[in-house]
Amino acid sequence: MANKLEAYYRLPQDVVFCKRCVMSNQRPSSYPEFKHKRDRKTPTLHIDQEGVCDACRYAQQKEQIDWESREQELVKLLDKYRRDDGYYDCLVPGSGGKDSAYAAHILKYKYDMHPLTVTWPPILYTDIGWQNFRNWIEVGGFDNVTFKPNGKVHRLLTRLAIENLLHPFQTFILGQKNLAPKMAIQYGIPLIFYGESEAEYGNPIAETSTSLRDKSYYTMHDLSEIYLGGVSVPELIEQYDLSLNDLMAYLPADYRQLEAAEIEVHYLGYYLKWTPQESYYYAVEHTGFNANPVRTEGTYSKYNSLDDRIDGLHYYTTYLKFGLGRASYDASQEIRNKHLMREEGVALVRRFDGEFPERYFQEVVDYIGMEPEHFLELCDKARSPHLWKQENGEWRLRHQVS
Amino acid sequence: MNTRIIPRLDIKGPNLVKGIHLEGLRVLGKPEHFARYYYQQGADELIYMDVVASLYGRNSLLEIVERTSREIFIPLTVGGGLRTLDDIRNALRAGADKVSLNTAAIHNPNLIKAASQRFGSSTILVSIEAIKKPDGCYEAYTDNGRESTGVEVFEWAIKVAELGAGEIMVTSIDREGTGKGFDLKLTRRIAESVPIPVIACGGAGKISDVYDVISQGKADAVSIASILHYNFVKHHDTSDDFSGEGNIEYLRGRRGLSTIQDATLPEIKDYLTQHGVQCRHPITRAAHV
Amino acid sequence: MSDLQQPTVAIVDYGMGNLFSVKHACEAVGLPAVITSSKREILAAEAVILPGVGAFGDAMDALRRLDLVTVLQDIAVSEKLFVGICLGMQLLMSESREFGVHKGLGIIEGAVLPFDSPLRENRKLKVPQVTWNRIYKVKTEGLHHGSWVHTPLEGLPDGEFMYFVHSYYAVPLDDSVLLSTTRYGHIEFASSLRYRNIFACQFHPERSGPQGLQIYRNLVSFIQDRSVPKEE
């Protein structure tokens, strides 16, 4: 009888790589973070019978799209919402990265809208991230509202997320996803624009036929459904001596308020053809965006995901949990956009994936108040046996893309 | 002394590409078209860099080199992924006059010595890709600006010259592709500390930048990419068949890049000459004596 | 109508230098060329080009090993066109001061000196000279020197740019063989010379753009005319 290796996180037992990009079927899809518990069944990237993943299929579909008519749809939508009385007519969430820079700028300067940018800031801004944020506002030219959450709670939840889920980024994702709808309600701006569609990265293909962001990502019905850092809200309040108010920043909008306000959330990537590299160049030209001269740890790229010191750790943990590091994500995206051949993507992944995020590691563990050794223990515990094996005291992936 | 102006063509597979900080590579066209154009416009030399070579450990642009060297009669330098004497020999056989070494040279400095003895010093160019550290020091990088080495740039430059390299090409990765100008301090310090010619690379955003790196940076030659390539793209139709690979979104629009004030080679040389920099220029033919 | 025999050029391969660009230049002007180290082929050719990049001593060693020294010396006193390029020009000299004293082919009396030789003014010069530089007609008082007519430089303007890459330069004993001079820093040196059937240049005509190709075109004329370039 074959010895079946345990698959953590209820990931698919067999590891399959896409034939076109370098992603595998272990890649987690977007998931409502506030439902994230340790024992969840991770929704993962679907690879079809021909060995092609959903994201690649979507990229293929993208080639067939009539972008002119999509743009017309956009113009119609914008015409409906545009205000000339001096008030904001749309909301663009972001922290100054290339994608939000592109979205805000093009809506304002090409399509004549009046966006308010809203920012849920990175957990720990990098220097270049901070500079890019400032340039976005000061060079690009936008009003901005930044919501900075309670630092103590932020730190606690980040630590819990790492401790329970090995998910350093959860607090950021929670805040980022939830902020825009709440701001929209508060400021009375009924139209929100996010960047590219999530299907770009392999979230279920069914969604891309409309541009509205799936409401399940950001609404809640009642508190007992909510888990932050893998801990339920009632337990957080009781065990960590917090009040509900302390946690509000991480909670999604109340669905009733949302419905009453008639907020619409759209992906700009549905209307305008999205080439990440080109949004980089756009941001460079129009909003003073600067890439890093040195490559980011764990990948080859210099302009993706630059603004948070915890980014590197985040991607490192995805490497541990799913066998997919930052280079895998970057290369897959570039392959789908035809910037790279698969061969090069494979070489890049093998060279850079899983590189330890040395640069900010100490700072981050200091911030959350965790011993480095403990963090590394958590890392090792997170390696699913169906993905990892030990050889001569070193961890090796059982399956590498080729 | 006449300063050389050298277009640099970064090549990936069959395409000429251009990025920022050596990353985010956009396809701008077919290298042969650019090369031919620059030759006609008075380029003093050409540099071909295979930007994906060190990732694969091989240089794949020899075919392009062969074709180029049959119709272009100015010196051609080839670089990217050259690791052994055999690699160098193959590049020279394909028609290169000089080869550029970086990654292999830092990993094994003796290669410089062996290569310059075998092929002649003047054939061996060492490329130094520098990144400025927060403390103000410069560190040499390899693998097309991706891997740090811990090697301090100025010491390395001196060593490189001692080992027998014929020239040094200095690239500021911080400036490369940004159009913010060359790193004058970096260039000058290297130029003044080695007895061999130094080629400045990386950062030109307008014509006066080229002048500055010669007059203040003390460069003996200047390698330029963005200024020339974006100018070429703006004025020429480079719509070949690109369905193969690379980011070709940009080409469909055919604009320039607003952080770059593009220019032609004659415009650059005219400016230099007007400002007292000697460079090769066309001479009106004198009557037979 | 007789079958015109295509002239062939033998490009001497002694393991040093970029022979292929020389060959490409020949082909570009319609001059069939063969890269060879075979004595027989060299002797059979209509014209011989001796190229070269690298160290003088190594070059002479290589030529000796290939038993080509006498061959080249013989061709030098024949009627065949003999072209020396870069190191090839230097090899024609009696001796070189590169890393000691080396004997050259001795076809033309003279020496090869380094750019930072103590014989010249002490100036900071980048060595090797790697750049385009200008070649000028030789002007001597009284004599009507200077013309490039009937030389491989015919048709080029005075002061034309050619591509140089070298750390040493040849100093022929007899000034009358000088065809062009060039200045590098404070040093004025012979950038090309001509002596009977011999033409030699320190620069690389095959890398000097259209103007360099003009020289190759002129060589074709010489070979076809089978005429020895006249002395002025």
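Two strands pair if DSSP finds at least two bridges between them. The views below come from a predicted model.

**View 1. A four-stranded open sheet in chain C.** The strand order is E6-E5-E7-E10 in chain C, with mixed pairing. Strand E6 (102-103) and strand E10 (168-172) of chain C are the edge strands. Each has a single partner strand, so one side of each lacks a neighbour in the sheet. Strand E7 (residues 108-114) of chain C runs antiparallel to E10(C), and five bridges join the pair. Within this pairing, Leu113(C) sits opposite Tyr169(C) of E10(C). Strands of a sheet pair through backbone hydrogen bonds, either parallel or antiparallel.

**View 2. Chain C as a whole.** Chain C holds six helices and 13 strands. It has 232 residues, and 58% of them count as buried. Take the contacts in chain C between residues at least 6 apart in sequence: 72% of these join residues at least 24 apart.

**View 3. Val127(C) and its surroundings.** Val127(C) lies in the loop between E7 and E8 of chain C. Which residues does Val127(C) contact, leaving aside its neighbours within four places in sequence? From chain B come Pro195(B), Ile196(B) and Pro197(B). From chain C come Phe115(C) and Ser167(C). His166(C) is 39 residues away from Val127(C) along the chain, yet their C-alpha atoms are separated by 7.6 Å.

**View 4. The interface of chain C and chain B.** Chain C brings 41 residues to this contact and chain B brings 44. The buried area is about 3,100 Å², with 54% from carbon and sulfur atoms. Lys126(C), Trp132(C) and Arg207(C) give 22% of the area that chain C buries against chain B, more than any other three residues.

View 5. One has Asp97(B) facing Arg207(C), with an N to O distance of 2.8 Å between the side chains. Arg207(C) is also among the three residues that together supply 22% of the area chain C buries here. There are 16 residue pairs in polar contact between chain C and chain B, counting those with both residues at pLDDT 80 or more. On the side of chain C that touches chain B, the elements giving two or more residues are helix H1 (19-28), strand E8 (129-137), strand E9 (160-166) and helix H6 (209-225) of chain C. That side has 18 nonpolar, 13 polar and 10 charged residues.

**View 6. The interface of chain A and chain B.** Here chain A contributes 28 residues and chain B contributes 35. Together they bury about 2,700 Å², and carbon and sulfur atoms account for 48%. Tyr281(A), Glu285(A) and Arg351(A) lose the most area on the chain A side, together 22% of what that side buries. Five salt bridges link chain A and chain B. In one of them, the side chains of Arg26(B) and Glu278(A) meet at 2.7 Å, N to O. Helix H11 (276-287) and helix H14 (342-352) of chain A each give at least two residues to the side that touches chain B. By class, that side of chain A has 13 nonpolar, six polar and nine charged residues.

**View 7. Strand E1 of chain A.** Strand E1 (residues 90-93) of chain A is covered on both faces. Cys90(A) and Val92(A) are buried on one side, Leu91(A) and Pro93(A) on the other. In a regular strand the side chains alternate between the two faces of the sheet. E1(A) pairs in the parallel sense with strand E2 (residues 115-119) of chain A, over four bridges. Val92(A) is opposite Thr117(A) in E2(A).

Note on methods: Residues numbered from 1 in each chain as written. Chains lettered and ligands numbered in written order. Predicted model: local features only at pLDDT ≥ 70, side-chain atom pairs only at ≥ 80, totals over all residues. Heavy atoms only, no water. Contact = heavy atoms within 4.5 Å. Buried area = accessible area lost by both parts, 1.4 Å probe. Salt bridge = Lys/Arg side-chain N within 4 Å of Asp/Glu carboxyl O. Polar contact = N/O pair within 3.5 Å; in protein donor to acceptor, adjacent residues only side chain to side chain. Nonpolar A, V, L, I, M, F, W, Y, C, P; charged D, E, K, R; others polar. Buried < 20%, exposed > 50% of the residue type's maximum accessible area, 1.4 Å probe, protein only.
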